[in-house]
Amino acid sequence: MNELFNEITLFSVVSLGAIGGVAAIILFMVAQKFRVIEDPRIDIVEGLLPGANCGGCGLAGCRALAEAIVKDESLEGFNCPPGGSDVMQQIAEAMGWEAGEQTPMVAVLRCNGTREFAPPKVQYDSAMTCTFAHSLFSGEGGCPFGCLGCGDCVRACDFDAMYMDPESGLPVILDEKCVACGACVKACPRDIIEMRKKGKKNRRIFVSCINREKGGVARKNCKVACIGCGRCVKECRFEAITMENNLAYIDYNKCTLCRKCAPVCPTNAIHELNFPVRKKKPADTDKQEKNV
Amino acid sequence: MHQLKTFVIGGVHPPEKKLAEKQPIVRLDPPKTVSILLSQHLGAPAVPVVAKGDKVLAGQIIARGESFISANIHSSVSGTVAKVDGVPDTSGYRKQAIIINVEGDEWAEGVDRDEAFVRDCQMSPEEIVSRVKDCGVVGLGGATFPSHVKLKVPKGKKAEYLIINGVECEPCLTADHRLMLEKGNEIMAGISIQMKALGVGRAIIGIENNKPDAINNLSEIAREYEGIEVQPLKVKYPQGAEKQLIKAVVGREVPSGKLPIEVGCVVHNVGTAFAVYEAVQKNKPLVERVVTVSGDSVRKPSNFMVRIGTPVSELIEAAGGLPEDTSKVVNGGPMMGKALNDISVPVTKGTSGILAFPGSESRRPAEQNCIRCARCLTVCPMGLEPYLLSALAEKQRFEDCEMERIMDCMECGSCLYICPSGKPLLDYIRVGKNRVGIMIRERSH
């Protein structure tokens, strides 16, 4: 019995070993023949990137960005919005290149048509997707430019930086979590969300309205619409504000955050974020509360 | 009596609720102001030829359709042009419109307003087509496709049948039904004019058998005309859709993505036949149409002959005012119509009905998960898989949507009607159709 067992064991070990040896040689030869030579730096760069695959750089994920960076041998023209300057600096150090300075950006919602300011006239009960609502009608409040409140942007955000405020019916952007990947900008069918410079101490001034209708018409649907009166344009000494199609736009590259434009806006459409409370309170007080 | 015919695949039978079918058509007086939209038809918007302050007469051309698929627009009233400006249309978006303050009711020269019936038409086919084009006639079934384009048979194709759509398969709507009862002679004359323009020998009027009086009336008149017959059809929604009607009446199937002329058919609505009669025999442009105002709690469900551009609110007022329990006002039929944002929007050439529904009827059930019952598959008249298309569109897989033939969907809403889980199937399919349409256009560029 024991002998028989030994014989079988010996036979199995020898034959399997032989098969294994042959297979190993074949595999080794195949691996030699079909070897993919990859730059090891790609892995290093990919390891430094955040790994969120958000597509904010405009490429298909972090691996694609790493490949592109290594291929170009420079950081020129590449930008990782979630990683920001830090990550680019690290990559530059690891590769031994120079890194350019990056301006941190953040998403801002250019609509303040809350339930209070733009009271709903109708109730929407179809599919909860902005794309469809946009093709169907002008919106519950009636503004054909304003936020539809179905939350396509919130669903598009991979960083939990947005949520829907059930009270106002508008999305809220969390500055500290927003990495400016731009997914929400692409998701919004009405182009309400804009990427703006984060600004010193997170301070920002922007027109929170994109309604291009004439003043009276815009005002009919929403109390805080930009009516295109042009007072902010006159007030601005830095030519940062332009008026086009009944709508003011503040150029964040020219704006010096002097805050002169906000108090003159008759409809409170200009928002200032993260500024200290004004010392002398102007007539229209609730600016700070409105910040979204 | 003929045997009842119908189409084969799918279809539903919602409650008919033809509340206004016994109400004769009432002609409404022109309102104080009308807003006439420049885009009341499929295709490019018309270009205005009048300016602020101009005096216009009813029936006078005020905007010209200049591209191939477009239609002329005429003033429906006499008065002064107040402005050319954006007014909210049924979707709430502002569209360009000509707003006219009404003064009196004078008609442009050459328009014969005599009600007397003129049967014989001496015009040549080319003259008929150009007259229909001049008078801005569009398909009055709802799609508002310019009629003159449909009356010209493309080269290399041959029309065998003219199919007249008197189906009116949408619940509640009775505008075509009343027209068939009251203007039977005119419709018949219109059909024979259309036959002459197309050069076809046979016309078949398809009517669902829930309108026996219309079937009898038109069959009676059809005896005097050669080649026109009436085909009663079994009641089934969406029989009024072009492809379904062709299948029901002549048993031919229009291939996917092709037009009815491919199988030798041209389809026109009874309302269009009447408009063609008025255009050709009376030289009267399309400036008024029949609109049904109905709904369970509307005090006086009615059929009105109204001028294009009249605010919807005036129609509702004429039907006894907006009921207090109204929660939804729908423009069009309950199956394919769209809820209105605002009842001050104007009537257009495509407005077939205005329906007011109380909350209990208009509210959608809460959305639940798909239980894979496949009812949407059994009712889809195009043989599509609505649950799949909807899910693919929701997940933004638009290439797959195209593979699953999403563009064949005609948005009849049967799937949405039948779904026991209350899923907004059609909403997502519309998103998908929209995106796939953009994809196809981009590819062809």
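Biologist: How many helices and strands does chain A have?
Modeller: Chain A has 11 helices and eight strands. Those are DSSP runs numbered from the N terminus: helices are H or I with at least four residues, strands are E with at least two. This is a predicted model, where local features need pLDDT of at least 70, side-chain atom pairs count only at pLDDT 80 or more, and totals for chains, interfaces and linings use all residues. Residues are numbered from 1 along each chain as its sequence is written, while chains are lettered from A and ligands numbered from 1 in the order in which they are written.

Biologist: Chain A: compact or spread out?
Modeller: Its radius of gyration is 29 Å, well over the 19 Å that the globule rule gives for 292 residues, so chain A is more spread out than a compact globule. The radius is taken over C-alpha atoms, and the rule is 2.2 Å times the number of residues to the power 0.38.

Biologist: What does the C-alpha trace of chain A span along its principal axes?
Modeller: About 105 × 50 × 30 Å.

Biologist: Which domains does the assignment give for chain A?
Modeller: Domain 1 covers 41–95 and domain 2 covers 105–273. The bounds come from an automatic or database domain assignment. Their C-alpha centres lie 31 Å apart.

Biologist: How many residues make the contact between them?
Modeller: Six from domain 1 of chain A and seven from domain 2 of chain A. Contact here means C-beta atoms, placed from the backbone, within 7 Å. On the domain 1 side, four residues are nonpolar, two are polar and none is charged. Ala, Val, Leu, Ile, Met, Phe, Trp, Tyr, Cys and Pro count as nonpolar, Asp, Glu, Lys and Arg as charged, and the others, Gly among them, as polar.

Biologist: What do β6(A) and β7(A) form?
Modeller: A hairpin, with two residues between the strands. In the turn, A:N245 has a positive phi of about 50°. β6 (residues 241–244) and β7 (residues 247–250) of chain A pair antiparallel over four bridges. Pairing takes at least two DSSP bridges between two strands. A:T242 stands opposite A:Y249.

Biologist: Switching to chain B. How many helices and strands there?
Modeller: Chain B comes to 14 helices and 17 strands. The radius of gyration is 21 Å, close to the 22 Å that the globule rule gives for 445 residues, so chain B is as compact as a globular protein of that length. Its C-alpha atoms fill a box of roughly 65 × 50 × 50 Å along the principal axes.

Biologist: What is the strand order in the open sheet of chain B?
Modeller: β3-β5-β6, three strands with antiparallel pairing. The edge strands are β3 (47–48) and β6 (73–74), and each pairs on one side only. β5 (residues 61–64) joins β6(B) over two bridges.

Biologist: How do α3(B) and α7(B) cross?
Modeller: The axes of α3 (residues 175–182) and α7 (residues 270–282) of chain B come within 9 Å and cross at roughly 50°. That makes α3(B) oblique to α7(B). Axes are lines fitted to C-alpha atoms, for helices over the stretch in contact, with angles from 0 to 180 degrees between N-to-C directions. Under 35 degrees counts as roughly parallel, over 145 as roughly antiparallel, 65 to 115 as roughly perpendicular and the rest as oblique.

Biologist: Which residues meet?
Modeller: B:D176, B:L179 and B:M180 in α3(B) meet B:V270, B:G271 and B:F274 in α7(B). Four are nonpolar, one is polar and one is charged.

Biologist: And how many residues of each chain are in contact?
Modeller: 13 of chain B with 14 of chain A. Helix α14 (residues 425–444) gives the most to the chain B side, with five residues. That side divides into four nonpolar, four polar and five charged.

Methods. Two residues are in contact if their C-beta atoms, placed from the backbone, lie within 7 Å.
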